[in-house]
Amino acid sequence: MTIQICNKEEHGYDWIDINCPDDGELQEIAAAYGLHPALVHDCLQPGHLPKYESLEEYAFIIFRVYTDQEFLEADTVQELTNKVAIFYSASFFITIHRYPQPLLEPVIKRASMLKNTHQLLNGVARACLATYDEPSNDLAKSIDYYEEQVFLSSRNKPILKGLYYLRRRIDLLKRMLMLSRDIIENIDDHQGNVNTRDTRDLYVRLTTIYESLNDNINQLLNTYFSTASQRTNETMRVLTIFSVFFMPLTFIVGIYGMNFKYMPELQYPWAYPGVLLLMAAITVAIYYWFRRKRWL
């Protein structure tokens with residue numbers, strides 16, 4: 001569906017928004033504005049990564065915006081983000097996206113106040129970046145939850161799968177922001193002003209937040225594996241202590257379990273209780289020895 005939001009007569013430039021485009025619509029727009037076929041083809045690739053490509057007459061931009069659809073195990077580019085393609089020049093501004101983008105609505109309402117396509121590009125870029133702001137808060141809360149489970153929970157919950165998908169999500173969103181660096185650099189160039197500086201500041205703040213989230217989740221994963229290893233070592237220590245208690249007892253039982261004909265002590269009436277007392281004394285001695293070594 002093609003909608004013309006601005007026109008040259010009223011605003012000095014054309015702004016055409018295309019939602020869920022088909023080949024016919026794109027070919028018609030490409031012929032009208034002289035768009036390169038390879039770039040038009042890039043608009044139809046749902047998994048294309050962010051990029052900025054400058055030509056003589058116009059620039060081509062692909063931005064990935066965070067999708068509002070929540071999937072517990074989402075960890076791919078298409079599951080976590082949607083693509084917004086932009087053809088930009090002084091005389092026209094074309095936005096192409098496969099799904100409706102509510103982020104454009106505030107920019108559309110302010111379109112009459114924007115004097116040129118550079119201001120329009122800055123507004124759209126800022127709106128695209130803003131989609132990463134709220135998810136960063138949600139991801140920080142998720143990290144806090146998993147930190148509590150790792151450090152404070154006494155139950156061994158299966159949280160490794162959740163940590164894996166959380167790490168994948170943070171890493172992917174961080175890479176989407178890093179790949180958008182060229183777009184922000186070209187917006188805030190020699191034509192930059194206070195508004196473009198604000199967009200750059202937002203970009204720097206978001207990249208810093210996601211860098212911090214990435215470091216936190218990696219440290220949390222290392223802590224989780226260290227804690228799991230420590231719990232395993234503690235279990236092995238307890239089992240080892242129990243085995244030490246039973247080693248001399250098993251040795252004594254093994255001796256008297258041998259089928260020799262001549263074992264004189266078997267004829268003594270106090271031999272059986274004597275052996276039991278010996279085994280009890282050995283057990284107590286081992287216990288106090290462990291206590292003295294502070295192994296118990």
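Y52 stands opposite I61 in β4, where strands are DSSP runs of E with at least two residues, helices are runs of H or I with at least four residues, and both are numbered from the N terminus. The model is a predicted one, in which local features need pLDDT of at least 70 and side-chain atom pairs count only at pLDDT 80 or more, while totals for chains, interfaces and linings use all residues. Residues are numbered from 1 along each chain as its sequence is written, and side-chain values use heavy atoms, with hydrogens and water left out.

Strand β3 (residues 51–54) runs antiparallel to β4 and is joined to it by four bridges; two strands are said to pair if DSSP finds at least two bridges between them. A hairpin of four residues connects β3 to β4, and S54 has A59 as its bridge partner in β4. β4 also pairs with strand β5 (residues 81–88), again in the antiparallel sense, over eight bridges, and within this pairing the bridge partner of I62 is A85.

## Burial of β4

Eight of the eight residues of strand β4 (residues 59–66) are buried, so the strand is largely enclosed by the rest of the structure. Here buried means under 20% relative accessible area, exposed means over 50%, and partly exposed lies in between, with a 1.4 Å probe and protein chains only. In a regular strand the side chains alternate between the two faces of the sheet. In β4 both faces are covered, with A59, I61, F63 and V65 buried on one side and F60, I62, R64 and Y66 buried on the other.

Q101 has its place in the loop between β6 (92–97) and α5 (104–109), and it counts as buried because its relative accessibility is 10%.

## Aromatic pairs

A pair of aromatic rings is described by the distance of the centres and the angle of the planes. Rings of Phe, Tyr and Trp (its six-membered ring) pair if their centres lie within 6.5 Å, and planes under 30 degrees apart count as stacked, over 60 as edge-to-face and the rest as tilted. By this rule the count comes to 13 aromatic pairs. One of them is formed by Y58 and F87, which are edge-to-face at 6.0 Å centre to centre, with 65° between the planes. Y58 lies in the loop between β3 and β4 and F87 in strand β5, so the pair ties together parts that are 29 residues apart in sequence.

Both partners are buried, Y58 at 6% relative accessibility and F87 with a relative accessible area of 0%. These two residues belong to one aromatic cluster, which is formed by Y33, Y58, F60, F87 and F92.

The buried residues of α8 are L163, Y165, L166, R169, I170, L172, L173, K174, M176 and L177.

T196 has its place in helix α10 (residues 194–256) and counts as buried at 2% relative accessibility. Leaving aside neighbours within four places in sequence, T196 is in contact with H118, N122, I187 and D188. Y262, by contrast, is found in the loop between α10 and α11 (271–293) and counts as exposed at 69% relative accessibility. Y262 and T223 are 39 residues apart in sequence and 60 Å apart in space, C-alpha to C-alpha.

## The chain as a whole

There are 11 helices and six strands in the chain. The radius of gyration of the chain is 34 Å, well over the 19 Å that the globule rule gives for 296 residues, so the chain is more spread out than a compact globule; this radius is taken over C-alpha atoms, and the rule is 2.2 Å times the number of residues to the power 0.38. Along its principal axes the C-alpha trace spans about 120 × 40 × 30 Å.

Of the 296 residues of the chain, 39% count as buried. Among contacts with a separation of 6 or more, 63% come from residues 24 or more positions apart.

Definitions and conventions:
Contact means heavy atoms within 4.5 Å.
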